[in-house]
Amino acid sequence: MERVNNTLLTEFILTGIPYPLRLRTFLFVFFLLIYILTQLGNLLILITLWVDTQLHTRPMYIFLGIFSIIDMGISTVIVPRLMMNFTLGVKPISFGGCVAQLYFYHFLGSTQCFLYTLMAYDRYLAICQPLRYPVFMNAKLCTILVAGAWVAGSIHGALQAILTFRLPYCGPNQVDYFFCDIPAVLRLACADTTVNELVTFVDIGLVVASCFSLILLSYIQIIQAILRIRTADGRRRAFSTCGAHVTVVTVYYVPCAFIYLRPETNSPLDGATALFPTAITPFLNPLIYTLRNQEVKLALKRMIGGPGTNSDV
């Protein structure tokens, strides 16, 4: 599409994801259910952690509670807007709304990335340095680390939003994506985007690569420590607490690396891949944490069964 004039845009049109028209109602209901179940599942995790006194003061489960808040936030930022693509008529998003969506997605997403690293560090200390764990991961340090993750995520989101929307946008206004994300929006800029693309690649690449490397190093040490545990039950419980974290990290990092850390191709797969960190992962995380984490399952049983339910944790 050719640029029609030099008037700066005041709104964008999100083209959404391609789909057969006969599936419009089904897809709307599907993503509505995904959104509702995401909110309810993560809310259940929050309530469980708050009610169960054995969990809500432990750093790992503080991180888990924050993950639930972030998952609810990412889902709210993206999925309702995605659902509008399955309704009749054109539903434009204002320029300010597009800025806000991009900022909050990258703010929450990068904060989640930092918290995955902190949780890996927490598991490393708990399994590899159990005697020093109460000293190294006390309430004060945990609070500082969590606050640092939020601040770093906010800076990252602000940097990406400012760099993206400092450019002029004078038409066309159709974003070939289902939400306002950096690669899709930059294609509409009326100026050279080389610097933006380089900074985006370096910034996101540095965050992803450094966090993933630290997580990998932590789990190399953790696996070695687990294999030295003599009892099968001890190894099972250690793998139980770490297995959920490894699963969600894998589901989170692989799509993000595919979207942001490769040359610009405008592939149809980008939209389908982006559904994982924006809609599918927030929905799956409560299931992963309840099915793969024995302590969360026991906490749910205690909450449902009442204070008289026994636990061996």
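Tutor: Start with the bond between Cys170 and Cys190. The torsion about its S-S bond is about -125°, so this disulfide is left-handed. Keep in mind that the model is predicted. Cys170 lies in the loop between α5 (139–165) and β3, and Cys190 in the loop between α6 and α7 (194–227), so the pair ties together parts that are 20 residues apart in sequence. The S to S distance for Cys170 and Cys190 is 1.9 Å. The two ends can be described by their accessibility. Cys170 is buried, at 8% relative accessible area.

Cys98 is joined to Cys180, with 2.0 Å from S to S. Cys98 lies in helix α3 (residues 95–128), while Cys180 is in the loop between β3 (174–175) and α6 (182–186), so this pair ties together parts that are 82 residues apart in sequence. The link of Cys98 and Cys180 is left-handed, with -120° about the S-S bond. What is the relative accessible area of Cys98? It is 0%, so Cys98 is buried. Cys180 is buried too, with a relative accessible area of 0%.

Step back to the whole set. The count comes to two disulfides. Number the bonded cysteines along the chain, and the pattern is 1-3, 2-4.

Cys142 is in no disulfide. Its nearest cysteine sulfur belongs to Cys211 and is 16 Å away. Cys142 is buried, with a relative accessible area of 3%. Cys211 is in no disulfide either. For Cys211, the nearest cysteine sulfur is that of Cys113, 3.7 Å away. A disulfide needs the sulfur atoms within 2.5 Å, so Cys211 and Cys113 do not count as a bonded pair. Cys211 is buried, at 4% relative accessible area.

Another joins Cys170 to Cys190. Cys142 is in no disulfide. Cys211 is in no disulfide.

Notes. Residues are numbered from 1 along each chain as its sequence is written. This is a predicted model: local features need pLDDT of at least 70, side-chain atom pairs count only at pLDDT 80 or more; totals for chains, interfaces and linings use all residues. Side-chain values use heavy atoms; hydrogens and water are left out. Helices (H or I, at least four residues) and strands (E, at least two) are DSSP runs, numbered from the N terminus. Buried means under 20% relative accessible area, exposed over 50%, partly exposed in between (1.4 Å probe, protein chains only).
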